[in-house]
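Colleague: I would like to learn how to read strands and aromatic rings in a model. Could you take me through them slowly?

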Amino acid sequence: QNSLGGAIPAPLGNLANLRLLSLSNAQLTGDLPAWLGGLTKLERLALAGNQLMGVTPAEFASLVNLVELTLNDNLLTGGIPGQWGYLAKLQKLSLAGNAITGNIPVELGNLSSLQTLYLDRTLLNGELPATLAQLSGIQVFWFHNTQLCVPSNPTLVNWLAAIPNVNSSGVNCVDLTPTVTPTVTPTNTPQPIGEMPVVNAIFPN
C-alpha cells in the first residue's frame with residue numbers, strides 16, 4: 001500500500017515515456033487531472049482506492065496504448081465519456097465504487113480488446129446498450145448495485161449468458177415499464193348537491 005497523500009503530483013505530466021503509473025491506495029485527494037491524458041505511452045493506469053474527485057476526463061481517450069484503467073473506489077462523478085470508445089487496446093476498465101451517473105455510452109461497444117468491465121456500485125442507470133454485444137472477448141462484467149437494466153434484446157441477453165463471470169443488477173427493463181391505468185369517465189355523473197337545479201312549481205288553491 002502506498003501512502004503518498006495529497007494531489008497527484010503535476011510533474012508526472014512531464015514523463016512522456018511513462019508506461020506504468022500505479023498509485024492505488026495512496027491516500028490521494030483532489031480532482032482526477034485531465035493532463036494524465038497527455039501521457040500517451042501509458043499502458044497501465046491504476047488509481048484505485050483513493051479519494052479522487054471530479055469527472056472522468058474525456059482527455060483519457062488520447063491514451064491509445066492503454067491496456068488497463070482502474071479508477072474504482074474513488075469519489076468520481078459525471079458520466080462515462082463516449083470518447084473512451086477509442087481505446088482499442090483496453091483490456092480492463094474498472095469504475096466501480098464511484099458516484100458516476102448516466103447511461104453506458106454506446107461507444108463502449110467499440111472496445112474490441114476489452115476482457116474485464118467493472119461498473120458495479122455506481123449511479124449508472126438505463127438500458128445496457130445493444131452495442132455491448134460486440135465485446136466478444138469479455139470474460140468479466142459486473143454491474144450489480146446500479147440502476148442499470150437488461151433490455152429484452154435476444155442478442156444482448158445471449159451475450160450476457162455467454163460471459164463466464166457476470167454479476168448483474170438483476171433488473172429487466174421490461175419490469176420498469178410503468179403500467180398505464182385507463183381512466184374511466186362515467187357517462188352519467190351525478191351533480192353535486194349544491195348545484196342541483198331548482199324546479200319552480202305552481203299548485204292550485
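Modeller: Strands of a sheet pair through backbone hydrogen bonds, either parallel or antiparallel. In this predicted model, β5 is joined to strand β7 (residues 123–127) by 2 bridges, and these strands run parallel; strands are DSSP runs of E with at least two residues, helices are runs of H or I with at least four, both numbered from the N terminus, and two strands pair if DSSP finds at least two bridges between them. Residues are numbered from 1 along each chain as its sequence is written. Local features need pLDDT of at least 70, side-chain atom pairs count only at pLDDT 80 or more, totals for chains, interfaces and linings use all residues, and side-chain values use heavy atoms, leaving out hydrogens and water.

Colleague: Which residue in β7 does Gly102 stand opposite?

Modeller: Gly102 stands opposite Leu124.

Colleague: In what order do the 3 strands of the open sheet lie?

Modeller: The order is β5-β7-β9, with parallel pairing. Because β5 (101–102) and β9 (147–149) each have a single partner strand, they stand at the edges, and one side of each lacks a neighbour in the sheet.

Colleague: How many aromatic pairs does the structure hold?

Modeller: There are 4 aromatic pairs, where rings of Phe, Tyr and Trp (its six-membered ring) pair if their centres lie within 6.5 Å, and planes under 30 degrees apart count as stacked, over 60 as edge-to-face and the rest as tilted. Among them is the tilted pair of Phe141 and Trp159, at 5.9 Å centre to centre with 50 degrees between the planes. Phe141 lies in strand β8 (residues 140–142) and Trp159 in helix α1 (residues 154–162), so this pair ties together parts 18 residues apart in sequence.
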